[in-house]
Amino acid sequence: RAYNFAAGPACMPEPVLKKAQSEMLNWHGCGMSVMEMSHRGSQFAEIHAEAKERFKRLLNVPYTHEVLFLQGGATSQFAAIPLNLMDGKPASYAVTGNFSGIAAREAGKYGDVHVAYEGKGNNYSHIPEQGELSIAQGDAYFHYCANNTIFGTAWGYVPETGGVPLVCDMSSEIMSHPVDVSRYALIYAGAQKNIAPAGLTVVVIDKSFAGREAAVTPQVMSYQKMIDKDSMLNTPPCWCIYMLGLTLDWLDEQGGIEGMEQIKHGKAQMLYDCIDSSKLFTCAAEKPFRSDMNVTFRSASEELDAKFVKEAAEAGFVNLKGHRKVGGMRASIYNAVPVEGVEKLCDFIRAFDKAN
């Protein structure tokens, strides 16, 4: 297998893939694949309940919050959040990258948006300090994206909002470090980077914020409706929920979220140290705001970047080309990317650096 540094859909743990392979045709002796069984049947009810319990336990979700397994990716939540939470008030958004910008524009279709921070001027290489945020008191919520996949930056702190409810897109870093869930009105994440295949979206919502949706909200986007139906208003992404459960089992075996935080930070530090010591490459993000999940770097020329990506792929390191908006290279080192893969990528970078 190649060492896969894709930004999403991303690398999955090999033991999880092998477990799914062994159960592909016959889950626990029932004679069916998970992809074939009824979402209303007892077999899938067991899969769903266990995945939800594991998620709550690993993330330490308090009883005040509910976990929903939805569809539509984080992009669907860009609309669902304002529809459910604005409640006739404006909302504040920190724009620190591509997806937070899209989220802010989408929210603007449903109400007034206050831009609490705009990072376009520094090409999104920077995360605002607390004093740089302009959060409008009385707003319905403050929204930020914890990790910026394209630009390789991450928030190293949880913003203080002065009582404005906190909403966070954690798509790129969910289950990679402990989170005080009680501080958030809502957390959401597309699962295809760290915890499951593409097709599942996880929402963790403070139940006191449900039931406020605008009258025009589609029922499939209503948090209260989905809470009432335990995420089964319609057919859920059954296979993805099953894969989530297997991935959470694997995560437990790595020492849980606390163990994974140490592993992921070690991988990131190793790769950043390698890039910082090279003669050819520089990191795109400012050092204090570098992401542990998405390492963005480049050489002095597009031609040399292209040569690096091509030779890396030939050596078994795939999906290192940077996003089309920024160019260069990007190594996404999510939970499932093995330490060995990062070590070998560092060896390749040093060899390329020496040869060119």
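Start by selecting Lys-52, which is buried at 11% relative accessibility (buried is under 20% relative accessible area, exposed over 50%, partly exposed in between; 1.4 Å probe, protein chains only). This is a predicted model: local features need pLDDT of at least 70, side-chain atom pairs count only at pLDDT 80 or more, and totals for chains, interfaces and linings use all residues. Residues are numbered from 1 along each chain as its sequence is written, and side-chain values use heavy atoms, without hydrogens and water.

Asp-230 is partly exposed, at 33%. Now show Lys-56 and Glu-66: salt bridges with shared partners join them to Lys-52 and Asp-230 in one network.

Next, select Asp-292 and Lys-264. They form a salt bridge, with the closest N and O atoms 3.0 Å apart. Asp-292 is buried at 14%. Lys-264 is buried at 9%.

Move to Asp-169. This residue is buried yet has no salt bridge; Lys-193, the nearest side chain of opposite charge, is 8.4 Å away (Lys and Arg count as positive, Asp and Glu as negative; His and the chain ends are not counted). Beyond its neighbours within four places in sequence, Asp-169 has contacts including His-143, Cys-145 and Tyr-188 (contact means heavy atoms within 4.5 Å).

Finish with Glu-23 and Lys-19. Their side chains meet in a salt bridge at 3.3 Å, N to O. Glu-23 is buried at 7%, whereas Lys-19 is partly exposed at 39%.

Conventions:
A salt bridge is a side-chain nitrogen of Lys or Arg within 4 Å of a carboxyl oxygen of Asp or Glu.
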